[in-house]
Amino acid sequence: MAERRGRLVAGVVLLALLVGYAVVVPWAAGVDDRVTDFAAARQGPSPAHPFGTDSAGRDLFVRTAAGLRVSLLVAVVCAVLSTVLGALVGALSAAAGGWADRLVMRLVDGVNAVPHLLLGIVLVALYRGSLVAIIASIALTHWTQVARIVRAEVLSLRDREHVDAAVLAGAGRWWVTRRHLLPAVLPQALVAATLLLPHAVWHESTLSFLGLGLPPHRASLGTLLEEARSSLLLGGWWTLVFPALGLVLATLAVAAVGSALRDRAALPRRAVVEL
Amino acid sequence: MAARRLLLALPVLLGVSVAVFAAAAASPFDPLAGYLGDRYLTAGQEVQDRIAGELGTDRAWWVQYGWWLGELLTGDLGTSRSYAQPVAQVVAERLPWTLLLVGVALALAVVLALLLGTWSAHRRGGWVDRLVTPVCLLVQAVPPFVVALGAVSVFGLALGWLPVAGLTDAGAELSAGQVARHLVLPAAVLAVSQLPWLLLNVRESLLRALAEDHVVAARARGLSERTVVLRHALPTALLPFVTLVGARLPELVVGAVLVEEVFSWPGLAQAVVTSAVEVDFPLLAFLTLLTTAAVLLGSLLADVAYVLLDPRVSADG
């Protein structure tokens, strides 16, 4: 109990700090991504540039913040989209029942059987540099877990006495859904969305790292780490350390919040989405 | 269970390939521009139309998909533009290297997970156990490509112990010694990136198994600690482990893509990235299908192993 609370508090504080850094720093610095200063290229950390500079002389303290902002934003949109999609599919599948339900569940198995990143690579390769394609490729491959959770929840609720009582009392389908099903399913869906966030951050950064996601001048954790690849060979350790630290801290913070929320919602352990 | 997987495999493979073709048709990518490359701009409209007619790129995507499927079934995989080779040749040249990398990494991860997992469950609360869980949680939060870059900078650049790219040193002959030296870092990184899930699973199931009646009974009979852990507890803990290894296969493939890319390992996973970056459609479509098939086959094998290992599970359940 205390441990869960500690995890939640630590996660929320860390996440708040990261979000604050990601929002405030690029805004306060007010620099354009495309402005370069080759005279200041590849400088190590110093008071003027606490995280050093990249190969185009851009300040990495600002760029890491901007990258974190883009990555977190993409991740949130992806998590929300796949949760909504998964919740809809799961709820409709449970409501429909019969062969439609079985078909949908086989579809879920099928999507799960395919390596997610592979589908992402194919989609993003065809729509190069499009933010919509990145988001779609993540959302379209991550809805299945949510669909499973929501379907199971709706199925178990449908046979509960208070729902039966409502139906017998003449309540309409929509009323039952709104009054009894939604309040029970929503917290589960929220937890699922939180647990999806680290994945979405990973996917976006991976695609950008492979040179398939955002264009290189657009700071995201992935594009920064892609640049680190070549800078490392020239001894620029700071180009790897700081963006990677941002990525790992963001993942840990969100995962801590997600797992604390999951324990609170008493979700089954296997509902943890694994990357 | 195994039969159901087989039944699922065919629709999944068909679905994936149809989805790839439909996505390609809906995307701004023009296969003719891909085929002609730089010549696309210099070729006139007539030439473009003629070539489009010859290649069939002016037909609807499902017609082209039908052709592709037909050729695939007759063994003609098409030609890869980015490697200027038939797709079959690209696959034949690169598949062995990927299998070597993935095989070594998986074996390493499984052995390490079993050793460390057994040790930390057996000596619960010892220093290994107290170290293992937080380290695993940390590694789970680090993407494989960051692990790979970290390994490159520490072991390759700072310490200079191991080579960081390719199969052999520049200009060196291909030999077992060269390949082995170049394999160390990529295989270790791939193994480490998969290790946390496997290790924590072994530890947790072994802890559960150690509390079961038959293990307590074995202890009560005065059997040695070694026999109790290895012969009585571990076999029950292995079953969920086998399933997990099967379930982690897609992630292993994803890890291989990243590791091969960072270490310039000339395997198929690197070809996936190259074909995607250059929109080399014939290669990309086939590799997508091949990878999916490999993952499905892997989960099938895991299920078969499970059935063989556990007499309580019936094969057609």
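1. Is L221(A) buried or exposed? In this predicted model, L221(A) is buried, because 32 other C-beta atoms lie within 10 Å of its own, where 20 or more are needed for that class. The residue belongs to helix 8 of chain A, which covers residues 221–233. Leaving out residues up to four places away in sequence, L221(A) touches G67(A), L68(A), S71(A), S205(A), P243(A), G246(A) and L247(A). One of these, S205(A), is 16 residues apart from L221(A) in sequence, and the two are 5.6 Å apart in space when taken from C-alpha to C-alpha.

2. On the overall make-up of chain A, the secondary structure consists of nine helices and zero strands, so that, in the order of the sequence, the pattern reads α-α-α-α-α-α-α-α-α. The C-alpha trace of chain A spans about 75 × 45 × 30 Å along its principal axes, and 48% of its 275 residues count as buried. Among the contacts in chain A that join residues at least 6 apart in sequence, 70% are between residues at least 24 apart.

3. M105(A) counts as partly exposed because it has 17 C-beta neighbours inside 10 Å. M105(A) and S93(A) are twelve residues apart in sequence, with a C-alpha to C-alpha distance of 8.1 Å.

4. As to confidence, chain A averages a pLDDT of 80, and 93% of the residues score at least 70. Over residues 267–275 of chain A, however, the pLDDT is below 50, although this stretch has 15 contacts in the model beyond near neighbours in sequence. Where pLDDT is low, the predicted coordinates should not be read in detail.

5. Turning to chain B, its secondary structure comprises 14 helices and two strands. The C-alpha trace of chain B spans about 90 × 55 × 35 Å along its principal axes, and buried residues make up 36% of the 317 residues in the chain. Of the contacts in chain B with a separation of 6 or more, 72% are accounted for by residues 24 or more positions apart.

6. Helix 6 of chain B, residues 87–122, deserves a separate remark. This helix has 36 residues and reaches 50 Å from its first C-alpha to its last, which is close to the 52 Å expected at 1.5 Å a residue.

7. The contact between the chains takes 36 residues from chain A and 40 residues from chain B. On the side of chain B that touches chain A, at least two residues are supplied by each of helix 1 (2–26), helix 8 (144–158), helix 12 (249–262), helix 13 (268–277) and helix 14 (281–309) of chain B. Helix 1 of chain B gives the largest share of that side, with eight residues. By class, the side of chain B that touches chain A is made up of 31 nonpolar, seven polar and two charged residues.

8. The largest nonpolar core contains 157 residues, and the members that touch the most others are V122(A), L225(A), A148(B) and L149(B). Helix 2 of chain A, residues 60–96, contributes the largest share of this core, namely 17 residues. Setting aside neighbours within four places in sequence, V122(A) is in contact with V20(B), A23(B), A276(B), L284(B) and T288(B).

9. Most residues other than glycine have a negative phi. For A84(B), phi is near 50°, a positive value in a residue other than glycine; A84(B) lies in the loop between strand 1 (79–80) and strand 2 (85–86) of chain B. A84(B) counts as exposed because it has 8 C-beta neighbours inside 10 Å. For S264(B), phi is near 45°, likewise a positive value in a residue other than glycine, and S264(B) is found in the loop between helix 12 and helix 13 of chain B. With 14 other C-beta atoms within 10 Å, S264(B) is partly exposed.

Methods. Residues numbered from 1 in each chain as written. Chains lettered and ligands numbered in written order. Predicted model: local features only at pLDDT ≥ 70, side-chain atom pairs only at ≥ 80, totals over all residues. Contact = placed C-beta atoms within 7 Å. Helix = DSSP H or I, 4+ residues; strand = E, 2+ residues; numbered from the N terminus. Nonpolar A, V, L, I, M, F, W, Y, C, P; charged D, E, K, R; others polar. Expected span 1.5 Å × (residues − 1). Buried ≥ 20, exposed ≤ 12 C-beta atoms within 10 Å, placed from the backbone. Core = buried A, V, L, I, M, F, W, Y, C linked by C-beta atoms within 7 Å. pLDDT = per-residue confidence, 0-100.
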